[in-house]
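Here are some notes to go with your first look at this one. Have the sequence and the 3D view open side by side, and take the points in order.

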Amino acid sequence: MKLTKIIDELNATVVVEPKDETEVEGVYIGDLLSLVMAKAQENDIWITIQTHINIVAVATLVNLSAIVIAEGMDVDEDTIKKAKEENIPILKSELSAYEIACKLCRLGV
Amino acid sequence: MNKKDDTIKLEYDIIQNDFVRAGEASSNVKKILKQLGIDSKIIRRVAIVTYEAEMNIVIHSYGGKLLVEISSKKIEITAKDNGPGIEDIEKAMQEGFSTASNEIRELGFGAGMGLPNMKKCSDVLKIDSEKGKGTTVYMEIFMKSNQN
Ligand SMILES: Nc1ncnc2c1ncn2[C@@H]1O[C@H](COP(=O)(O)OP(=O)(O)OP(=O)(O)O)[C@@H](O)[C@H]1O
Ligand SMILES: [Mg+2]
């Protein structure tokens, strides 16, 4: 599914713009970075409450399609800068990880 | 990469507690492997082990180096630091074992999964460590592997 469609449906705030053609194939939820590295699959959208710069390295290294910050957490400035450099889209939602996941599930992701 | 004796050597300094640059060495290695046209499954495994090794140096050591050698047969990864060393390697290898502080855990590190991830994703893993000296983690990932 196109990330742009997910952004519309989730009503999420775009913190770092995606490219139009970014595709999402699955979902991974987690805040422990070593588990994300081991378990998240390529082109997954990653839901987390971590906001520091290292999440961009994680997303880049395992080819995640985007990061969704749950619970309306503020994203660090250097995280945003790095995500722009590395082309990792970041979205932000006031919803909980569970609520975001439910919406994605209903969308058929 | 076609010539058999062609080896590419990469070397990175990894600085203790430098969370802003942490992951850059691994990201750089990944970019180079992609440019070389290495299989994406191999790249994923190398990305995971270099990241975990790099983060362990940042978090648990006084600083060190990440060395990567790429040849047509295998990729060798060496993470070498200046201390303080691992007291009990067997314990450190267990899933869930971590000495990370609460502060570090709040950032999402300290699941105690780094070394187990390295073991899972490598074909060879050797850890050499002495308390008070330093730690060297050596790994090999074969280009033609039984793993997926
Ligand atoms: N380079 C090192 N120097 C000293 N101690 C280390 C080093 N690498 C690992 N350790 C010790 O081994 C433990 C387990 O390491 P491991 O990478 O598996 O987990 P972690 O780093 O604590 O958490 P995670 O990797 O899941 O974020 C660490 O908590 C630390 O005590
Ligand atoms: Mg670790």
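**Notes on the two chains**

1. Let's start in a loop. Pro84(B) sits in the loop between E3 and H3 of chain B, and the peptide bond leading from Gly83(B) to Pro84(B) is cis, with omega near 15°. Element names like these come from DSSP runs, numbered from the N terminus: helices are H or I runs of at least four residues, and strands are E runs of at least two.

2. A word on ground rules. This is a predicted model, where local features need pLDDT of at least 70, side-chain atom pairs count only at pLDDT 80 or more, and totals for chains, interfaces and linings use all residues. Residues are numbered from 1 along each chain as its sequence is written, chains are lettered from A and ligands numbered from 1 in the order in which they are written, and side-chain values use heavy atoms, with hydrogens and water left out.

3. Now the interface. Here 23 residues of chain B are in contact with 24 residues of chain A, contact meaning heavy atoms within 4.5 Å. The area buried between chain B and chain A is about 1,800 Å², and carbon and sulfur atoms give 53% of that. Buried area is the accessible area (1.4 Å probe) that two parts lose on being put together, summed over both. Lys30(B), Arg44(B) and Tyr51(B) supply 29% of what chain B buries against chain A, more than any other three residues.

4. What about polar links across the interface? The rule finds 14 residue pairs in polar contact between chain B and chain A, both residues at pLDDT 80 or more. A polar contact is a pair of N or O atoms within 3.5 Å; within protein, one must be able to donate a hydrogen and the other to accept it, and residues adjacent in sequence count only if both atoms are side-chain atoms. On the chain B side, H1 (24-35), H2 (40-60) and H5 (114-121) each give two or more residues, with the largest share, 6 residues, coming from H2(B). By class, that side has 11 nonpolar, 6 polar and 6 charged residues. For these classes, Ala, Val, Leu, Ile, Met, Phe, Trp, Tyr, Cys and Pro count as nonpolar, Asp, Glu, Lys and Arg as charged, and the others, Gly among them, as polar.

5. On to salt bridges (a side-chain nitrogen of Lys or Arg within 4 Å of a carboxyl oxygen of Asp or Glu). There are 2 across the interface of chain B and chain A; Lys82(A) and Glu24(B) meet in a salt bridge at 3.1 Å, N to O. Over all chains the count comes to 13. Within chain B, Lys65(B) pairs with Glu11(B), their closest N and O atoms being 3.2 Å apart.

6. Last, Asn63(A). Its phi is near 55°, a positive value in a residue other than glycine, and Asn63(A) is found in the loop between H3 and E4 (66-69) of chain A.
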